[in-house]
Amino acid sequence: MMDFKSLHTTNRLLMIIAVPVVFYILKLLSFIFVPLLLAVFISLIFMPMARGLARRNVPHVLSLLLVLIIITATIFVSIKVVQLSGQEIVAGKSEFYQNLDQKVGSFIVPYARMLGISADTYDSAIKSILTDPRVSDTLYDNFGITFGLVRKTVTLILLTLFFLILLLAGSLNFKDIMSDTMFKNSTRSVKTFMNIERSIVKFLKVKFFMSLGTGVGFTLICLFFDISFPLFWGLLAFAINFVQMIGSVISTVLAAVFVFIEKDMPGTALGISLLFVGVQVVFGSILEPILMGRSFSINIIAVLIMLMFWGFLWGIPGLILAIPITALLKIIFEQFSNTKVLARLMS
């Protein structure tokens with residue numbers, strides 16, 4: 001018979017082998033796992049509303065229909081905002097484009113000449129470079145990459161909606177899955193599920209309103225100081241802010257660079273850039289931690305590691321899902337004595 005020590009060693013070896021296999025499967029089947037997790041987190045937002053409607057004896061079909069109407073309206077509004085932002089850019093100020101061409105041209109023309117690309121004047125530098133055969137051929141060759149990205153995005157949205165409908169209709173029950181796979185005690189699985197639901201819903205709500213506040217702040221700053229494309233910058237700040245930590249830095253840097261290109265006075269551009277930073281600090285560094293409270297209490301090292309890991313595994317969707325997944329894992333780790341040490345390390 002195999003003694004306890006040998007069995008323990010065998011289990012460890014199997015774990016070492018299993019972990020890379022699991023990660024490989026997660027990466028290989030990302031087209032399934034990413035929309036499934038997105039659908040799980042979105043469905044958690046509507047679970048309290050669905051239970052409230054059920055207590056009022058509203059038929060399940062009607063409550064499901066109401067949720068689908070809300071989701072459809074949200075998608076429609078999002079598309080309209082993106083369309084308005086695109087129209088704003090297309091109908092941009094001609095003097096801004098001239099200023100952009102001149103300022104950017106003063107930087108890129110010398111490098112373009114070094115590469116043998118004809119860009120004789122600063123006034124038409126961008127146009128000259130974009131119309132150069134080598135540049136246009138490169139853009140054409142990369143058209144397939146752009147098309148593939150659009151196709152993946154559409155597929156992600158459709159699969160997310162499909163899984164969301166299954167979850168809300170009860171065909172996929174996250175609570176039952178947890179009960180069947182992780183917990184022998186049904187009461188324990190229910191308590192864990194409710195804890196997960198409260199934490200994730202609070203995170204998503206706070207993140208949405210903090211991102212919305214950041215986007216509105218960017219838009220108002222652009223409108224007040226007459227910066228081009230205010231709706232675009234507000235939309236960018238709102239959308240990219242869902243990427244924890246990294247998103248706020250990217251949106252602020254891009255907006256600041258844009259302001260320095262558009263504004264002739266460096267002092268004015270610096271002041272506006274500091275206002276962008278101030279909006280991010282108020283919403284991201286002050287209000288968000290206060291409103292989150294002790295819901296997650298995940299340390300910064302764990303956040304960075306999870307961002308790198310899930311970003312590597314699933315790309316941009318991984319960066320967006322990193323914090324909710326981390327919170328989910330932390331809550332589950334806290335339920336088992338063997339993994340409580342991992343939960344403490346994440347705290």
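Is Phe-229 buried or exposed? At 8% relative accessibility, Phe-229 counts as buried, where buried means under 20% relative accessible area, exposed over 50%, and partly exposed in between, with a 1.4 Å probe and protein chains only. I'll come back to that residue in a moment.

Hello everyone. First, the ground rules. What we have here is a predicted model, so local features need pLDDT of at least 70 and side-chain atom pairs count only at pLDDT 80 or more, while totals for chains, interfaces and linings use all residues. Residues are numbered from 1 along each chain as its sequence is written, and side-chain values use heavy atoms, with hydrogens and water left out.

Let's talk about confidence. The predictor's confidence in each residue is pLDDT, on a scale from 0 to 100. The chain has a mean pLDDT of 77, and 73% of its residues reach 70 or more. Helix H5, residues 125-130, has the lowest confidence, at a mean of 57, and helix H10, residues 230-240, has the highest, at 90. Where pLDDT is low, the predicted coordinates should not be read in detail.

Now the overall picture. The chain has 15 helices and zero strands; helices (H or I, at least four residues) and strands (E, at least two) are DSSP runs, numbered from the N terminus. Of the 347 residues, 33% count as buried. The accessible surface comes to about 21200 Å², and 73% of that belongs to carbon and sulfur atoms; these areas come from the Shrake-Rupley method with a 1.4 Å probe, and for residues only the protein chains shown count as cover. Contact means heavy atoms within 4.5 Å. Among contacts with a separation of 6 or more, residues 24 or more positions apart account for 66%.

Back to our opening residue. Phe-229 is found in the loop between H9 and H10, and has a positive phi of about 60 degrees although it is not a glycine. Asp-226 is in the loop between H9 and H10 as well, and its phi is positive too, at about 55 degrees, again without being a glycine. Asp-226, however, is partly exposed, with a relative accessible area of 48%.

Ser-211 sits in helix H9, residues 186-224, and is buried, with a relative accessible area of 0%. Leaving aside neighbours within four places in sequence, Ser-211 is in contact with Phe-238, Asn-241 and Phe-242. The C-alpha atoms of Ser-211 and Gly-284 are separated by 8.3 Å, though the two are 73 residues apart along the chain. Ser-85, in helix H3, residues 60-90, is buried at 3% relative accessible area. Not counting residues up to four places away in sequence, Ser-85 touches Leu-231, Phe-232 and Leu-235.

On to the helices. H12, residues 266-292, has 27 residues and reaches 37 Å from its first C-alpha to its last, close to the 39 Å expected; the expected span is 1.5 Å times one less than the number of residues. H12 bends by about 30 degrees at Val-281, the bend being the angle between axes fitted to the seven residues ending there and the seven starting there. Its buried residues include Ala-269, Ile-272, Ser-273, Phe-276 and Val-279. An α-helix has 3.6 residues a turn, so residues three or four places apart point the same way. H11, residues 246-262, has 17 residues and spans 25 Å, close to the 24 Å expected. Among its buried residues are Ser-251, Thr-252, Ala-255 and Val-259.

What about the core? A nonpolar core is a set of buried Ala, Val, Leu, Ile, Met, Phe, Trp, Tyr and Cys residues joined through side-chain atoms within 4.5 Å. The largest one has 47 residues, and Phe-276, Trp-310 and Trp-314 have the most contacts inside it. The elements giving two or more residues to this core are H2 (30-55), H9, H10, H11, H12, H13 (300-314) and H14 (316-333). H9 gives the largest share, ten residues. Apart from this core lies another, of ten residues, among them Val-67 and Phe-163. As for Trp-310, its contacts beyond four places in sequence include Leu-26, Gly-318 and Ile-325.

One last stop is Ile-298, in the loop between H12 and H13. Ile-298 is buried, with a relative accessible area of 17%. Leaving aside neighbours within four places, Ile-298 is in contact with residues including Val-303, Thr-326 and Met-346. Thanks, everyone!
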